[in-house]
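Good morning, colleagues. Please look at the sequence and the structure on the screen while I speak about salt bridges and one surface patch.

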Amino acid sequence: METLYLLIPLSVVLVFLIGAVFWWGISHGQFDDLERPGKQILDDDDRPAGPR
Amino acid sequence: MSGTSSPASASLPNPIEIGAGSRADPRCDLCGLPLPLGVDIRVPYVGKTLRYCCHGCLALAQLRPQSIGAQDAAGETPPAIADPWATFDDPARQQGWVVHANAHRAEVALVVAGVHCAACVATIKSRIRALDGVHDIDVQLPGDRARLAWDPARQRLGAILEAIAKLGYRAAPVDALAAAATRKQEARRALFRLFVAGFAMMQVMMYAIPAYVTDDGIAAEHAVLLRWASLVLSLPVVLYSALPFFAGAWRDLRNGRPGMDVPVALGIGTAFAASAWATWVGHGEVYFDSVTMFVFFLLASRYFELRARQSASGAAEALARQQPEIAVRLVNEGAEHGARAQTVPVAALRVGDCVVVKPGEVVPVDGRVVRGHATLSESLLTGEAAPVARSEGAPVLAGSTLYAAEPGGRLLVAVEATGEETRLGEMVRLLDRALLDKPRLALIADRVAVWFAGGLLLLAALTAVVWSLIDPSRIIAVTVAVLVVSCPCALSLATPSALAAATGVLARRGLLVLRGRALETLARATHLVFDKTGTLTSGKIALQRVVALRDTPVQRCTEIAAALEAGTQHPAGQAIRRAAMPAVAADNVVRTPGLGVDGWVAGRRYRLGQPAFAAELHGKPAPSSFAEVRSDHTLVALADTEGWVALFVLADSLRPGARELVSDLQSLGIEVLLLSGDRPGTAHYWAAQLGIDTVEGGASPLRKREAIQDLQRKGAVVVMVGDGANDTAALGVAHASIAVGGGARLAQQGADMVWLGDDLGHLDWAIHKARQAMRIIRQNLWWAFGYNMTAIPLAVTGLIGPWIAGLGMSMSSLLVVLNALRLLRDRGETHQASRTVASPVPRDELAGNNT
């Protein structure tokens, strides 16, 4: 059972890590619009490919 | 402005960076106000970066030659202003959002951040209305909008805004762009708060389970470890996720008006503090799982509410959101090669500018097509899905989506109106106002909600005292349970959400509800009264035949009639005008609504209109040819002082969906009536076509009004559907009124609702929706009543612990919010398809009649 002393603090650290990843996602607009980007592939886009 | 000199089709570097990061306490470089959180507008200027609090400031700054308008000219930075609120009194700044009704009344639409509950609304209303020179302030609960009317001669706008700020709310004039940026930031923050609470909750639950499942408890040293881990994970939940509750509670306390945030914050705070203390000293109960779960579910219901509010619930929000924030302006559009394109905020556009719209984009302004032709969807504005074609010189409306444009796949639009001046802006403004005008049920809910929180706090205090006598060890558990168990959400949250959702769904289909109360009336309607002209029929009547009754040639008769009808909005008049070129002019024209026109053409007095009206001029009996006219045709007679001159025969067609509407309404148990100003024969013809039993033709506006009042005396709830122009009297007395065919003057029609679309078939769907909305509000209120009546006594007697209380409260609020959001579901698509198929039938029959 000594392993609990490692695993439980580890789980706490993990929660904070995942929280940080999620924070990055939110602040980069990953969750701003959950509908449109999925449909974007269906839009006509006649502009030439390449750097915009 | 650092516009580039590339052609418009190339992509443009955006001179305005809108980013997310912000430093500590930055201030706007124009007005000196602190930058609102989440708003980040920067413009590079002579080696440094200027920042503005809103796009209004940015637009103003660009207009000033010494500021960033001319980037390479070395100018001075605008001087800092001593009193930041004074900038709102600057007439130049007020222009565009302050509407002056007269010298003693000005109105402004505000965004008030931080309004959560009915108590907030009550606070702002009572404090601000008490200020000298304030006529009125109306605050709308979902949407954070407020409308302020004040006397500019007696009070400064800046002082009023400062007073609102002192109450703890942030008020600023509505600026679509800044509001959008704030909304986005708000949604992001809410999502992260929810995530932190949710993830921490899962983990804390995991730590709590061992203690629940083992019979003889877990080893003491492991229990301590789990408690400390729970404490570490609960900290961010309480300190970050629950921050809005604490902030709200603090503000409520300072204002001396407890809202629902106070008991919630008190519950969270007490439970957490007690648990942390127990962890520190090593004995006692811990409630970390209850705290995190409570915060998570409460945030979840608030998040749903926020999402719904932002996505579709507020019709005004949905419309406003449709307005693009950035437009591409063309400078020197005359020269093909010298033309430069600039990306500018829509707020900076001026009348006469030329903007470029590409397919798939939304038109940012009201204007006219400069060149070529285009196909656009105006579904947002009219609810009609079919695209419309617009060629050179034709008007285009802000909010319509461009499908295709020729030549070159670009549409050039000359700006005629921007922002609130556009038709879309007008719709948004009217809808904003509508939400402030609440149905009776919502008013009751508001009143109860204000007292609810205060009563609950008293009850919690009482419970604590009583339990200190019964069992002091359970004081904290029971008091926390009482604080968190009650759920006034149906009052403070779900009722406004339901109303907003219903208005939003209706607006998307083309029915603008301009007075919130109308929704309730629509749901209770027993009689629907139609005015024939322009409501049941398409209103696109055309001149079928002209019968000259004297030696005057037909051509001349039509010219005289067209001159008399010049400038009329009446469909019959417009049809006559379309048939002739205006060769002569009429003087002394007097219009009698519902009857006709009287006027002088070429030195002779004429009357044009209903035969009875025209006959008053000469008193001769109607010639036999009048009786030969088919009853489905409208008859307009032209007469002078000597006798009859000519007879105009006009024919109309049914509106699509009119017939189905009548039968659907009748199956709903609503009696349909037709009160028409047309000849009885015409009215009866259309009534027979539609299956309407109660018909009255030849009704004057006064007669219509009397007929409606008669019905009302018998206890009927009358909804009047008219075209707004000559039915004002009747529209006014009906319980609710719907103006069909919005036309150009939405606001002046005085109707409670405006039907923008063409297909009347949606009207019975609208009644269904209104009934559903009222049903859902009633359900929520009953649920709230039943739940609180059961749960509060259970909590007071100590029968349920804090975690069940928290779960019950959160689930109850989720339930009412989700129940309200059912209104957003729009299952009318198949319904609409059946209309489209069915509509040609009456048209074909009509064509048969005309031949």
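Arg368(B) counts as partly exposed because its relative accessible area is 35%; here buried means under 20% relative accessible area, exposed means over 50%, and partly exposed is in between, with a 1.4 Å probe and protein chains only. This is a predicted model, in which local features need pLDDT of at least 70 and side-chain atom pairs count only at pLDDT 80 or more, while totals for chains, interfaces and linings use all residues. Residues are numbered from 1 along each chain as its sequence is written, chains are lettered from A and ligands numbered from 1 in the order in which they are written, and side-chain values use heavy atoms, with hydrogens and water left out.

What is the partner of Arg368(B) in its salt bridge? The partner is Glu416(B), and the closest N and O atoms are 2.9 Å apart. A salt bridge is defined as a side-chain nitrogen of Lys or Arg within 4 Å of a carboxyl oxygen of Asp or Glu. This pair joins distant parts of the chain, with Glu416(B) in strand E17 (residues 411-417) and Arg368(B) in strand E12 (residues 366-371) of chain B, 48 residues apart. Helices (H or I, at least four residues) and strands (E, at least two) are DSSP runs, numbered from the N terminus. Glu416(B) is also partly exposed, since its relative accessible area is 41%.

By this rule, there are 15 salt bridges over all chains. One of them connects Asp353(B) and Arg329(B), at 3.1 Å from N to O. Asp353(B) sits in the loop between strands E10 (340-345) and E11 (354-357) of chain B, and Arg329(B) in strand E9 (residues 326-331) of chain B, so the bridge ties together parts that are 24 residues apart in sequence. Both Asp353(B) and Arg329(B) are buried.

Asp598(B) and Arg605(B) form another salt bridge, with 2.6 Å between the closest N and O atoms. Asp598(B) is buried, at 7% relative accessible area, whereas Arg605(B) is partly exposed, at 29%.

Val213(B), in helix H6 of chain B, is exposed because its relative accessible area is 58%. Together with Ile209(B), Tyr212(B), Trp803(B) and Ile804(B), Val213(B) makes a nonpolar surface patch of about 520 Å². Such patches consist of residues with over 30% relative accessible area and no salt bridge; like charges are joined within 9 Å, and nonpolar side chains (Val, Leu, Ile, Met, Phe, Trp, Tyr) within 5 Å. Accessible areas come from the Shrake-Rupley method with a 1.4 Å probe, and for residues only the protein chains shown count as cover. H6(B) gives the largest share of the patch, three residues.
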